[in-house]
Amino acid sequence: MESVENTILFGKYQLCRILGRGRSGTVYLAKHRDLEEYRAIKQVAKACVDYDQFRREALILKDIRHPGIPVVYDLEEDENFCYLIEEFLEGDSLYALISEMGHFSKAMTIRYGIQICYLVNILHLSKITPILYLDLQPENLLICDDTVKLVDFGHAIYLDEAKNLKKRYGTIGFAAPEQYTGAELNERTDIYAIGAVLYYMLTGKFPGKEPVYRREQMDRHLAKVIQTCLREKSNERYESTQQLCGELEKIQKSYEKEKKGVFRQNPESSLTIAVAGAFEGAGTTHIAIGFAVYLQRQGLSVLYEERNESGAAAQMAEYTGRNMDRYGIYRIYGLPVFPLYGIAVKLEAHPYRIIVRDYGVLQDKFFQEPADGYLLVCGSKPWQWKLTRDIIRFPGNPPGIIIIYNQFCRRLATKLPGPARETDCFLMPDYPNPFVLSGKAKKVYEELYQTLFRKKAGGILRILPNKIRRDFMKKDV
């Protein structure tokens, strides 16, 4: 990547790095030298676009005030380029996240899809005249602090000017058929693109003429919504983004009813889960990351927080080439990860409501720092049984502590040290990648999720060890 650090624009913007390149130009991250604030600067060659077209993007942004849409600060130009100075929105594009994760879960797709509908609806209900975005695609949608933001309004246009467009652009796979044929452009043109983005989030693939879903992605209600958005004839699509959003919200409510968690009853609730291992190498980080990934895929706002000195979070960030945001958080394979910082580091309070804390090996902080649930990761191998038994029966354990026998093997089930009478017990099968959950691991995390969340809600739910053991003894894991 070319170096731009020594470039200063208009005597006040110090370029930091290239954020991205597109058909119409290059976007830079810059720092205002006097205000010490970051800006996004979009540079477009005058040979590629006339000034009136470039100015229109600035005017459209000027008329919109919403946290999910960047503020425009200024327009500049020199001999060869036009420059649009905008608010810098931190985050990863949908394209980057899905490239790492493969695809989103149904819950995540619905959650982000509703937010996308809200943003596009703001444009369509613009007070002056409806605004058509006309280039909704994964690279123009950012996930910032678990919230969707919309960037790059280079192809946006007022509805009453759309019929006068001499050239039409669109991203292949996401542009509606009428963007290629010259037919009328209207709000339903953007609805087609929303359907294409929903399909991309759910499957990780661009939509073809016949959408194809894997069994675990199949939800007939969601598939029908996507299919309606992707109708070739625009008058067969949803009439408005409000109508589309209403359909997605119905699916979300149905999904939430199935989960019956405390967060569905009170979305403002918070939850902190403390995870520690009975000994070094018990697999604490593996379990903590896996549980955080599971919760995230339920459509919840979750953060993995490192509370041990292993340095694993920083190593993952370095290996994946991730940059921290203003909260000091890295997004590793789609999961927000907060490393252990020294006491001298002061960071802005993050917005995540569910926190999974990884304490590594059992330590005093695990007992001293308040949490809503405590998970103790123990060994299931014969040479670990004595130590496991001693720790499980330690009288100083927090009330309601939950035991997880990691890397459980069916043949050893009857030999495992029995937990104390008041302790819930879970048997976790071995699975190699904590960011990619196996089917059996998902089942255990689901039981764990229900137990913790119902305890948080004040209910009484006991998962008996024998019941869990029988479930896993049906076949080898």
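Leu134 sits in the loop that links strand E8 (131–132) to strand E9 (141–144); helices (H or I, at least four residues) and strands (E, at least two) are DSSP runs, numbered from the N terminus. The model is a predicted one, in which local features need pLDDT of at least 70, side-chain atom pairs count only at pLDDT 80 or more, and totals for chains, interfaces and linings use all residues. Residues are numbered from 1 along each chain as its sequence is written, and side-chain values use heavy atoms, with hydrogens and water left out.

Leu134 isn't a glycine, yet its phi is positive, at about 70°. Leu134 also counts as buried, because its relative accessibility is 6%; buried means under 20% relative accessible area, exposed means over 50%, and partly exposed is in between (1.4 Å probe, protein chains only). Asp146, found in the loop between E9 and strand E10 (147–150), has a positive phi of about 70° without being a glycine. With a relative accessible area of 5%, Asp146 is buried.

Now for the whole chain. There are 15 helices and 19 strands, and 52% of the 477 residues are buried. A contact here means heavy atoms within 4.5 Å. Taking the contacts between residues at least 6 apart in sequence, 65% join residues at least 24 apart. As for confidence, pLDDT is the predictor's own score for each residue, from 0 to 100. Its mean over the chain is 84, with 86% of residues reaching 70 or more. Residues 459–477 have a pLDDT below 50, and in the model this stretch makes 45 contacts beyond near neighbours in sequence.

What about the nonpolar residues? In soluble globular proteins, nonpolar side chains tend to be buried together. A nonpolar core is a set of buried Ala, Val, Leu, Ile, Met, Phe, Trp, Tyr and Cys residues joined through side-chain atoms within 4.5 Å. The largest one has 60 residues, and those touching the most other members are Phe104, Ile116, Leu136, Phe153, Met201 and Leu244. Helix H6 (residues 187–203) supplies the largest share of this core, with 11 residues. Another core, of 56 residues, lies apart from it and includes Ala274, Met316, Ile332 and Ile401. Leaving out residues up to four places away in sequence, Phe153 touches Glu57, Ile60, Leu61, Ile64, Ile69, Pro70, Leu123 and Tyr133.

Helix H2 (residues 94–101) has Leu94, Leu97, Ile98 and Met101 as its buried residues. Seen down the H2 axis, these fall within an arc of 95°, so they line one face of the helix; the arc is that of the directions from the helix axis to the C-beta atoms. Their cover includes strand E7 (92–93), helix H3 (106–124), E9, H6, helix H10 (284–296) and strand E14 (330–332). Just after H2 comes Gly102, with a positive phi of about 95°.

Next, the strands. In a regular strand the side chains alternate between the two faces of the sheet. Strand E12 (residues 271–277) is mostly covered, as seven of its seven residues are buried. Leu271, Ile273, Val275 and Gly277 point one way from E12, while Thr272, Ala274 and Ala276 point the other way. Two strands pair if DSSP finds at least two bridges between them. E12 pairs in the parallel sense with strand E16 (residues 354–361) over six bridges, and also in the parallel sense with strand E17 (residues 373–379) over five bridges. Gly277 stands opposite Val361 in E16, and its bridge partner in E17 is Val377.

Strand E19 (residues 424–427) is covered on both faces, with Asp424 and Phe426 buried on one side and Cys425 and Leu427 buried on the other. Strand E18 (residues 402–406) runs parallel to E19, and four bridges join them. Cys425 in E19 is the bridge partner of Ile403.

Finally, there's Asp325, in the loop between helix H11 (312–320) and E14. Asp325 is buried, with a relative accessible area of 17%. Its side chain reaches the backbone nitrogen of Tyr327 at 2.9 Å. Not counting residues up to four places away in sequence, Asp325 touches Glu90 and Asp145. Asp325 and Asp145 are 180 residues apart in sequence, yet their C-alpha atoms are 8.9 Å apart in space.

Notes
Polar contact = N/O pair within 3.5 Å; in protein donor to acceptor, adjacent residues only side chain to side chain.
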